[in-house]
There are 2 protein chains.
Amino acid sequence: MKEINIGICGLGTVGAGVLSVLQGNAALIAGRAGRKVCVLHVGTRSAKPDLNTEGMKVSDDIFAVVNDPDVDIVVELIGGYEPALDLVMQAIANGKHVVTANKALIAVHGNAIFSAAEAKGVAVRYEAAVAGGIPIIKALREGLSANKIQWLAGIINGTGNYILTEMRDKGRLFADVLADAQQLGYAEADPTFDVEGIDAAHKLSILASLAFAMPLNFDACFTEGISAVAPQDVSLASELGYRIKHLGIARRTAKGVEMRVHPTLIPYRRLIANVDGVMNAVLVKGDAVNATLYYGAGAGAEPTASSVIADIVDLARLGEASQDLPALGLASHALTEKTIVPINDIESAYYLRVTVDDKPGVLSHITQIFSDSGISLDAVLQKESDQHQGHGLPAGHVAVVLITNVIREASFTEAVNHIEALASVTDKVTFIRVESLS
Amino acid sequence: MKEINIGICGLGTVGAGVLSVLQGNAALIAGRAGRKVCVLHVGTRSAKPDLNTEGMKVSDDIFAVVNDPDVDIVVELIGGYEPALDLVMQAIANGKHVVTANKALIAVHGNAIFSAAEAKGVAVRYEAAVAGGIPIIKALREGLSANKIQWLAGIINGTGNYILTEMRDKGRLFADVLADAQQLGYAEADPTFDVEGIDAAHKLSILASLAFAMPLNFDACFTEGISAVAPQDVSLASELGYRIKHLGIARRTAKGVEMRVHPTLIPYRRLIANVDGVMNAVLVKGDAVNATLYYGAGAGAEPTASSVIADIVDLARLGEASQDLPALGLASHALTEKTIVPINDIESAYYLRVTVDDKPGVLSHITQIFSDSGISLDAVLQKESDQHQGHGLPAGHVAVVLITNVIREASFTEAVNHIEALASVTDKVTFIRVESLS
């Protein structure tokens, strides 16, 4: 078969990784692609003397790559919304397949991009946009195609998982670990996207659309970060048999689809509760296959390159037929909008920690409120102040820790309001959602 | 697009599962396949009054399905070598795509089957043959196509993993757990295939061929079962920070490819060490992606059906192009025979347990032998007889437990011969290979 010509836009960390893996494993990749994969043209604003661009056209205008008539596949690795969106739309208009690692772009503009690609008869692939090197897009789009997906839950931001792992292993404060992570290069100077869950929400909205055959709906994703997770919650969770993970959860329910990113208590016996450090994992529950889990590096130049090149090989291998596999697994017209359940209406179990005056009867006041609201409790724990030295519990105070059964969030927050109104409750109630993932 | 017509040969547990999932999720599967998936013809020797075969041709001759001119894809679910091989070869000769869940058939006759399919321009898919519902074939063939695979290690037999898990959790004997597993239906009346590692070796040889682009070579796979694993080894392993798992391991080395199934000590912190019960998992190390892991149900009607139908959907979606994706990821002519490293020549660390007379100096004799052979030790543990009550250690004897560094197996077994020749060593040495999987 004729060789396939790649144009790469952006030679940052990931672009350099793609180039290096394509060059290092060229023979093997050609074997799997069924033809030679040539990097014909690269677009980069700054010269990269450490990269081997021998035999390639090098342009400082990335649109020169997209408008190169000899380029078959445009690989977009510049990130962000603009000019990435223009670039991808122009590539499609020019009849080229697109491979991208850009989760923000797909999450926010994916519907427009996929429709344009379908109309033009080209493919858009984005394996690297979610969970780096883990082939989770392919698993959902193809590997689990027989299944009605019931729910999925993912650790899909390595920075956040690294921070939570360090907090647990070393009993440290969020802010301290974050500062270290920034020094180590695991976290950005502005960590908002990672620690507030926006990056995870981008990825979750992509996974949810694939799982539930619905158009992308990033704006409807509920997002809560990990910056408020306190060391005492991490250790209390451990004591109760849980780990705290920053999960993206998408679930099909009778009310619609739940789509939410937030800190979550998970029983420590679950495999995904043991995914530590910068690693990612996605747990998928299908009606036929039951639970499957996919684990690997969620970021990094070469793991991301692995996914980018897998997309390229697929397109090279299948040629014209690759356009027959729609970006979300179903043709756009076959996707259906789903109601996204507002956070108040979701159903979850809850961990809560209440700081109270150390006086008799306080615990029974709190449990009475839950009882009056028809909420059952799975666990109750009372901690004296001396057990939390250094964790900010003032003398004469007690931490009451409870885990509820699964209930509607609105009922839970109403009970929390009643608890906060008690005279003996001295501080705002801390709560974290709990998922059994069974 | 025109509907695609399926012929199913065999309506046992898996066949019934395929029928039930195809019927239950028909609309969703049609959406993902891009066209209706019709079960046109089923072949079954015995009537199945509990299955809905309305609108299907039902034959008691499975070859009637294969020779039906209207069938596009033959789904082989009868298992075993014959008549499955004839059936599949006839389907290919008739120009039909084949989907099979038959690991024994693929492991032993895959080379002939794949060559015939290539010559005829049809596809053979076998996702369900390895690790049930986990899309591991697709991950290796497509998802990780950019990678030179360095090694893979899998828990790929649910029965064996169930037995080892029970032995650890309850301190029970292999034979007792096996008897229970047979009663529960987790193990066959003749458990040889499962507990002696033959089933795992079938699957491992398929994974190794995909990973290392080599023809299938089941006969070269080293196989050691779990029937000799003793409860005291399970508990000593725990004490040393390990779990014993029945692993299939394939590794690319300078000497060739290692391909071996045997009980293995794995550090308990590894995610795969925590895959328990009947679940399966495969850990794959690629040069670009680093470690990825795939976890799920390795058997069962519906998980297996999930993989069978994923193959059907792929073929339906891609139509004529699906033949362009060779069964092992590369065209047959691009596969290269690899030297399979004989077990004596592999490199591994080793756990060994030596029963000795409780006399001074015995331990130093043993460690001296390793020292003389140039073998370093990672751990040494001595256990008095009273600590192993009920585990068959006679009074006046001591168990010496050691873990070596990574060495050539031949050097290790030579040292073991020297140890067994010591007068104070009263029994054969027990040894189990150790893998760090890092």
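What rotation superposes chain B on chain A?

1. **Basis.** This is a predicted model: local features need pLDDT of at least 70, side-chain atom pairs count only at pLDDT 80 or more, and totals for chains, interfaces and linings use all residues. Residues are numbered from 1 along each chain as its sequence is written, with chains lettered from A and ligands numbered from 1 in the order in which they are written.

2. **Symmetry.** The rotation is 180 degrees, with 0.0 Å of shift along its axis and an RMSD of 0.0 Å. The two copies are thus related as by a two-fold rotation axis. Superposition is by least squares on the C-alpha atoms of residues with pLDDT of at least 70 in both copies. In chain B, the C-alpha of Tyr294(B) comes closest to the axis, at 2.4 Å.

3. **Interface.** Chain B gives 50 residues to the contact and chain A gives 51. Contact means C-beta atoms, placed from the backbone, within 7 Å. On the chain B side, α12(B) provides the largest share, 10 residues. That side holds 28 nonpolar, 14 polar and eight charged residues. Nonpolar means Ala, Val, Leu, Ile, Met, Phe, Trp, Tyr, Cys and Pro; charged means Asp, Glu, Lys and Arg; the others, Gly among them, are polar.

4. **Strand pairing.** β12 (residues 290-297) of chain A pairs with β12(B) in the antiparallel sense, over three bridges. Pairing requires at least two DSSP bridges. Leu293(B) is the bridge partner of Tyr295(A). Helices (H or I, at least four residues) and strands (E, at least two) are DSSP runs, numbered from the N terminus.

Key: Two residues are in contact if their C-beta atoms, placed from the backbone, lie within 7 Å.
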